[in-house]
Amino acid sequence: MFSKVDTVHMCVKDLKKSIQWYLEVLEFERVYDSGEYVVFQIGQGDSTLTVQEGEVRPSSVKPILFSDALEETRLKLVEKDVKVGEIKEDGEVTYFEFWDIDGNCFEACQYIAD
């Protein structure tokens, strides 16, 4: 019925400010800008992140981004003054949460090597 996740949609308070944050801090690539919303490519994956100005609400849905170097990724975000949680382990995965400038929650994960 479905072949992939096309995009994850997220509301932000100030689109222009958020665009700069996602480009500079998370190093996403802007692939489309309608003027009302922006689509970002994240690494090599097919799925994208779409941000649009609107009401920011707490959500039980959060994008989970994969990193080949989780500790280094976390330190890089800390250096860029991003709010980040501690690294945790859950079975075969290590992960941490972090938040954008509007409080939208993300998770970064890495598989534990054998």
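## Charge pairs, rings and core

Glutamate 27 is partly exposed, at 47% relative accessible area. With a 1.4 Å probe and protein chains only, buried means under 20%, exposed over 50%, and partly exposed in between. The model is predicted, so local features need pLDDT of at least 70 and side-chain atom pairs pLDDT 80 or more, while totals for chains, interfaces and linings use all residues. Residues are numbered from 1 along each chain as its sequence is written, and side-chain values use heavy atoms, without hydrogens or water.

**Salt bridges**

There are six salt bridges, each defined by a Lys or Arg side-chain nitrogen within 4 Å of a carboxyl oxygen of Asp or Glu. In one of them, glutamate 27 meets lysine 76 at 2.8 Å, N to O. Lysine 76 sits in helix H2 and glutamate 27 in the loop between H1 and E2, so the bridge ties together parts 49 residues apart in sequence. Helices (H or I, at least four residues) and strands (E, at least two) are DSSP runs, numbered from the N terminus.

Lysine 62 pairs with glutamate 97, their closest N and O atoms 2.4 Å apart. This link also spans distant parts of the chain: glutamate 97 is in strand E8, and lysine 62 is in the loop between E4 and strand E5 (64-66), 35 residues away.

Arginine 74 and glutamate 86 form another bridge, at 3.3 Å, N to O. Arginine 74 belongs to helix H2 and glutamate 86 to the loop between strand E6 (83-84) and strand E7 (88-90), so parts 12 residues apart are tied together.

| Residue | Relative accessible area | Class |
|---|---|---|
| Lys76 | 37% | partly exposed |
| Glu97 | 26% | partly exposed |
| Lys62 | 29% | partly exposed |
| Arg74 | 14% | buried |
| Glu86 | 56% | exposed |

Shared partners join Glu27, Lys76 and Lys80 into one salt-bridge network. Beyond four places in sequence, arginine 74 is in contact (heavy atoms within 4.5 Å) with Val84, Gly85, Glu86, Ile87 and Phe96.

**Nonpolar core**

A nonpolar core is a set of buried Ala, Val, Leu, Ile, Met, Phe, Trp, Tyr and Cys residues joined through side-chain atoms within 4.5 Å. The largest has 22 residues, and Tyr22, Leu26, Val51, Leu77 and Phe98 touch the most other members. Two or more residues each come from strand E1 (7-12), helix H1 (15-24), strand E3 (37-41), strand E4 (48-53), helix H2 (70-79), strand E8 (93-99) and strand E9 (105-111). H1 gives the most, with four residues. Leucine 77 touches Val25, Leu26, Val82, Val84, Phe96 and Phe98, leaving out residues up to four places away in sequence.

**Aromatic rings**

Nine aromatic pairs are counted. Rings of Phe, Tyr and Trp (its six-membered ring) pair if their centres lie within 6.5 Å; planes under 30 degrees apart are stacked, over 60 edge-to-face, and the rest tilted. Tryptophan 21 and tyrosine 22 are edge-to-face, at 5.2 Å centre to centre and 90 degrees between the planes. Both residues are buried. Tyrosine 32 and tyrosine 37 make a tilted pair, at 5.9 Å and 40 degrees. Tyrosine 32, in strand E2 (residues 29-33), is partly exposed at 42%. Tyrosine 37 is partly exposed at 31%. One aromatic cluster takes in Trp21, Tyr22, Phe28, Phe40, Phe96, Phe98 and Phe106.
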